[in-house]
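Trainee: Could we go through the salt bridges together? Please give me the cut-offs as we go.

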Amino acid sequence: SPNGRYLAFGLWRGENENYNYSLYVWDGETVINITPDIAPINVSQDPYAISYKLSWSPDGRYLAFTIWRGAGIYDGSLYIWDGETATNIVPDNFPDTVREIDVDWSPDGRLAFTIEYREEEDTTVPSGIYVWDGNITTNLSQNPTVADWGATWSDNGQLAFMSVRDGEEGIYVWDGVSFKDGSPDSDSFIHVTRELQLPEDDNPQYPRPDPIWTDE
């Protein structure tokens, strides 16, 4: 972890299809299994495909992780371990099969994550961006029928992301503080590329590169 307090690792062991693939954390003295409260993982079909995608918060307080079961299949959950328990922070009402979950931590410990649905990497396939503030998860993009991706925090707490709105791809920025009815205020989003024509991609099936902040 960034503060040097923890080391996270996955451990695969067993034989004759009696496998145990759990996620452990070492705190310098004791090794803790942080996945016992999560529904058992059936690895008998493809045990070698089980793995974890991990991301520590900047202060080392939280560990975000997803469970990958192979062939691009997630269990549709994003877990946060807070030093004691692992909790799923994904809303129950996501609309389709989850293909992948990408995450990015803000400097103040908020987590933005993108849920990609189905199997296609295509801007016509819906995907959504959510923000977890340490207590609740809110829908940032509020754009359920089209694609949003590439969420990335700046050092001063702004969130940039790609979005398809009104039939066009664009880069948008949320200031990180404007809310309306308990959700990020979509009316406050800055359309950075409003006056720009994004270049055509050689393969329009795949999204263009994500926005990247400088340290200035």
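Mentor: The structure holds four salt bridges, a salt bridge being a side-chain nitrogen of Lys or Arg within 4 Å of a carboxyl oxygen of Asp or Glu. This is a predicted model, in which local features need pLDDT of at least 70 and side-chain atom pairs count only at pLDDT 80 or more, while totals for chains, interfaces and linings use all residues. Residues are numbered from 1 along each chain as its sequence is written, and side-chain values use heavy atoms, with hydrogens and water left out.

Trainee: OK, what does aspartate 102 meet in a salt bridge?

Mentor: Its partner is the side chain of lysine 53, at 2.9 Å from N to O. The pair links distant parts of the chain, 49 residues apart, with aspartate 102 in strand S8 (residues 98-105) and lysine 53 in strand S4 (residues 51-56); strands (E, at least two residues) are DSSP runs, numbered from the N terminus.

Trainee: Switching over, which residue forms a salt bridge with aspartate 108?

Mentor: That is arginine 110, with the closest N and O atoms 3.3 Å apart. Aspartate 108 is exposed at 54%, whereas arginine 110 is buried at 13%.

Trainee: How far apart are the closest N and O atoms of arginine 165 and aspartate 148?

Mentor: They are 3.8 Å apart. Arginine 165 is buried at 18%, and aspartate 148 is buried at 0%.

Technical notes: Helices (H or I, at least four residues) and strands (E, at least two) are DSSP runs, numbered from the N terminus. Buried means under 20% relative accessible area, exposed over 50%, partly exposed in between (1.4 Å probe, protein chains only).
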